[in-house]
Every structure is written in C-alpha cells, then in structure tokens.
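Subject: The structure we talked about

Hi there,

Here is the structure I promised to pass on. Please have it open while you read my notes.

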Amino acid sequence: MPDVSDTKNALRVIHNFISRQGSELIGGLVIRDFIELKNIGKHSKSHTPIFEEYRVFYIGNKPLVVIDYWNNRKINLSTEDKKVIMDAPKEVKAKFYTIDFARKSNGKLVIMEMGDGQVSGLQGFDEQKFYDLLWENLPESRA
C-alpha cells in the first residue's frame, strides 16, 4: 500500500488479502510500515532477497548470544549497534526471549520481531556452545 491514509485503497488491499487466504487465514492481520533493509543477497533455495539480520537470545535484559541470521559468521557490530541491542529489552519482563534485528538501508538497526525463544532457531550457531552459555547464565543452574 503506497499510502495507508488512502482508506479506500487500504481496505481494497486488505479485503483482497483476506479473500485470497480463505480458510487458511488463522488469527488476524498485522500491518507494518515498509522499511528499506540492507540487502545482502538472495536465498539459495527460494531466490528471495535476504537482508542483514541478527537474532539475539536474552536472559533477563542481558544478551546471551548474538547470531548472524543468514551467514553464521563472526559479527562486527558498531558501538551504536551494541547500544541498540543492550537497550532494546529495557521494558521486557521475561526471563528468556529473542529479539530479531535487521539493518535498515540507512545503516541503523531496527527490531523486526520478538519471541519467547521457544521456536527461535539457532541459524547454524553451535548448539553445544549455546546450551553451555545458557547453563552458565541461568541463575537457577548454580543453585
């Protein structure tokens, strides 16, 4: 939708989407702003664009691990990026969760999604290393 303030067109698009989903539509709709993201290539199987993204697992308000979502490479984050990652969960009350960040075309990180961590994949990150870090950082594990 090029202009969400155009109510007539917005409703046309929404109704079209709902009718095409038919019985497959479960839950509801989420309408988001379109954000220009930093493109880093194409997915090897689907050939759809992929963007610079990071998945951060948190324990409390502390990052446990930052994972390069698509490439599982060593991560070089700027001081500003690290501040965004540290400041993002200030109001989150959960003990364990994830926040996915993406880099906008202007270079800034933006939160794309938050989850409870139960279904968030490790994207190729070493499983044993992840569980070792989790064990070391859970207060209950040392009790």
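Below is what turned up, going from the nonpolar cores to the charged pairs and then the surface.

First, some ground rules. This is a predicted model, in which local features need pLDDT of at least 70 and side-chain atom pairs count only at pLDDT 80 or more, while totals for chains, interfaces and linings use all residues. Residues are numbered from 1 along each chain as its sequence is written, and side-chain values use heavy atoms, with hydrogens and water left out.

Let me start inside. In soluble globular proteins, nonpolar side chains tend to be buried together. Here the largest nonpolar core has 10 residues: Y54, V56, Y58, L77, I85, V92, Y97, I99, F101 and L109. (A nonpolar core is a set of buried Ala, Val, Leu, Ile, Met, Phe, Trp, Tyr and Cys residues joined through side-chain atoms within 4.5 Å; buried means under 20% relative accessible area, exposed over 50%, and partly exposed in between, with a 1.4 Å probe and protein chains only.) Strand 3 (53-59) and strand 5 (96-103) are the elements that give two or more residues to this core. Helices (H or I, at least four residues) and strands (E, at least two) are DSSP runs, numbered from the N terminus. A second, separate core of 9 residues includes F57, I59, L64 and L122.

What does L109 touch, leaving aside its neighbours within four places in sequence? Its contacts (heavy atoms within 4.5 Å) are Y54, D81, V84, I85, F101, A102 and R103.

Strand 3 also has a partner worth a look. It pairs with strand 4 in the antiparallel sense over 6 bridges; two strands pair if DSSP finds at least two bridges between them. R55 sits opposite I67 of strand 4. The two strands form a hairpin with 2 residues between them, and G60 in the turn has a positive phi of about 65°. Strand 4 (residues 62-68) is mostly covered, with 5 of its 7 residues buried.

Now for the charges. Searching the whole structure gives 8 salt bridges, each a side-chain nitrogen of Lys or Arg within 4 Å of a carboxyl oxygen of Asp or Glu. Here are some to look at:

- K108 and E80 meet at 2.8 Å, N to O. This pair links distant parts of the chain, 28 residues apart: K108 is in the loop between strand 5 and strand 6, and E80 is in helix 2 (residues 79-87). K108 counts as partly exposed because its relative accessibility is 38%.
- K83 and D87 meet at 2.5 Å, N to O. They are 4 residues apart in helix 2, so about one helical turn separates them.
- D87 also meets K90, at 3.7 Å, N to O. K90 counts as exposed because its relative accessibility is 54%.
- K38, E52, D81 and R103 are linked in a network of salt bridges.

Finally, the surface. M1, V4, F17, I18, L29 and I31 make a nonpolar patch of about 530 Å². Patches are made of residues with over 30% relative accessible area and no salt bridge, joining like charges within 9 Å and nonpolar side chains (Val, Leu, Ile, Met, Phe, Trp, Tyr) within 5 Å; accessible areas come from the Shrake-Rupley method with a 1.4 Å probe, and for residues only the protein chains shown count as cover. F17 is in helix 1 (residues 7-21) and counts as partly exposed because its relative accessibility is 39%.

Best wishes
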